[in-house]
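Subject: Structure handover

Hello,

The structure you asked about follows, and my notes on it come after. Please read them alongside the coordinates.

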There are 2 protein chains.
Amino acid sequence: MDLDDRRRQVPNIVVSRLPLYLRALTHLADRGQAVTSSLELGRTLSISPAQIRKDLSYFGEFGKQGMGYEVDRLIRALSRILQLDRSWDVALIGAGHLGTAIAHYAGFTNRGFRITAVFDAEPSKVGQRLGRLTVRPMDDLETWLARSRVGLAIVAVPASAAQEVTDRLVRAGIKAILNYAPINLEVPPEVRIHHIDPLIGLQAMTYYL
Amino acid sequence: MDLDDRRRQVPNIVVSRLPLYLRALTHLADRGQAVTSSLELGRTLSISPAQIRKDLSYFGEFGKQGMGYEVDRLIRALSRILQLDRSWDVALIGAGHLGTAIAHYAGFTNRGFRITAVFDAEPSKVGQRLGRLTVRPMDDLETWLARSRVGLAIVAVPASAAQEVTDRLVRAGIKAILNYAPINLEVPPEVRIHHIDPLIGLQAMTYYL
């Protein structure tokens, strides 16, 4: 069984938790903490310690019984597993309020994601500066993607335009999409999509109010 | 045991999954589907059917063995459990690119969350229109919150200002915060906080690229 087969064997839900572990560990490292445990991570993340140990066991042995995890070592391992030990170029679609906010978001660049082009359908936006970038016309999308070989895109267009934009991205070879539009987008099974839905966060809090 | 005790007994992780179930069910209802199963929901959400059945069982009996769930009935039940059968007023802190995008986000109003005030520390922003609202000065925050009795706030200020803003919100009685700043915020245990971190989504996708 080669590495690709092994990667495919890990359930999606396990993979989706790894960035949460990485964020909690980075937070501990920033505070200067060298060692942690599945118990401590579990408390921070509201995930059971047994679940955390099981998730990590898909990828090898990271802790010694009763000794906990070395924070730095586990950060490096998770970064490698998630392929974050390199930088990723990203195309941004939409230069409205949201696209502008995303283009200026410090959190991406600091953590290895670099927005390398911004596209908008609005003629008045095309040619405008957005941070280091100049807004490109949507007509250039396919040509630019073919040349740049970028595999990741962020969709920040109105809900009414989001599915059409997504279809064009998929046809142009984009393999992973971060969607900000408040709509469920359909993509073929080989394309990954992640929805940013602030409602999910609000709705989980109103339970307690 | 009264209702409040019963609510507190449900693990946070279970509560945090209810909005996901609600979103998947709403998607099915929009497509005109009347009945679903834990198997179908599980496939959509990458959560095991057993987990879904167990989560829902905290709140009562929603499906009949072998008959599945009535989509509309389960939507109504989850909305009631999450207290979404009413509307919620929200204060927005930050009127920059991100705050502007949030103020214009259609997804909130359509689903029962109404932004009723926007605050910014920048004198040049104060008094400007943002959709239906006029940006208020941060100096007015405490007075306005005391009068309005709003319990929810969205933090959309730069990372460097986010903790100070959060401390002021907490002291003024805010009980739940949706945080967009790329920083981990500290709040007392009785205050709920949810972080919108687009990196988590991107990082879970690079695994597969």
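Arg149(B) has a positive phi of about 60° and is not a glycine. Gln83(B), likewise not a glycine, has a positive phi of about 60°; Gln83(B) is found in the loop between α5 and β4 (88-93) of chain B. Helices (H or I, at least four residues) and strands (E, at least two) are DSSP runs, numbered from the N terminus.

On conventions: this is a predicted model, in which local features need pLDDT of at least 70, side-chain atom pairs count only at pLDDT 80 or more, and totals for chains, interfaces and linings use all residues. Residues are numbered from 1 along each chain as its sequence is written, chains are lettered from A and ligands numbered from 1 in the order in which they are written, and side-chain values use heavy atoms, with hydrogens and water left out.

The contact (heavy atoms within 4.5 Å) takes 56 residues from chain A and 56 residues from chain B. Of the interface residues of chain A, 100% are also interface residues in chain B, so the copies meet through the same surface. About 5,700 Å² is buried between chain A and chain B, and carbon and sulfur atoms give 70% of that area. Buried area is the accessible area (1.4 Å probe) that two parts lose on being put together, summed over both.

Salt bridges

A salt bridge here is a side-chain nitrogen of Lys or Arg within 4 Å of a carboxyl oxygen of Asp or Glu. The count is 10 salt bridges over all chains, and 4 salt bridges between chain A and chain B. Asp197(B) and Arg23(A) meet through their side chains in a salt bridge (3.4 Å, N to O). Arg168(A) forms another with Glu142(A), where the closest N and O atoms are 2.8 Å apart. Arg168(A) lies in helix α9 of chain A and Glu142(A) in helix α8, so the pair ties together parts that are 26 residues apart in sequence.

Cavity and pocket

Both come from a 1 Å grid over the protein atoms alone: a cavity is a set of points where a 1.4 Å probe fits but cannot get out, and a pocket is an open set with protein on both sides within 12 Å along at least five of seven lines; lining residues have an atom within 4 Å of a point. Grid points are joined across faces, edges and corners, and a volume is the space filled by probe spheres set on the points.

There is 1 cavity of 30 Å³ or more. The largest cavity holds about 90 Å³ of space. Its lining residues divide into 9 nonpolar (Ala, Val, Leu, Ile, Met, Phe, Trp, Tyr, Cys and Pro), no polar and no charged. Helix α6 of chain B gives the most to this lining, with 3 residues.

The second largest pocket has a volume of about 1,000 Å³. Its lining has 47 residues; Ala159(A), Ala181(A), Pro182(A), Ile183(A) and Tyr105(B) lie nearest its centre. The lining divides into 25 nonpolar, 14 polar and 8 charged, where Asp, Glu, Lys and Arg count as charged and the others, Gly among them, as polar. α2(B) gives the most to the lining of this pocket, with 6 residues.

Regards
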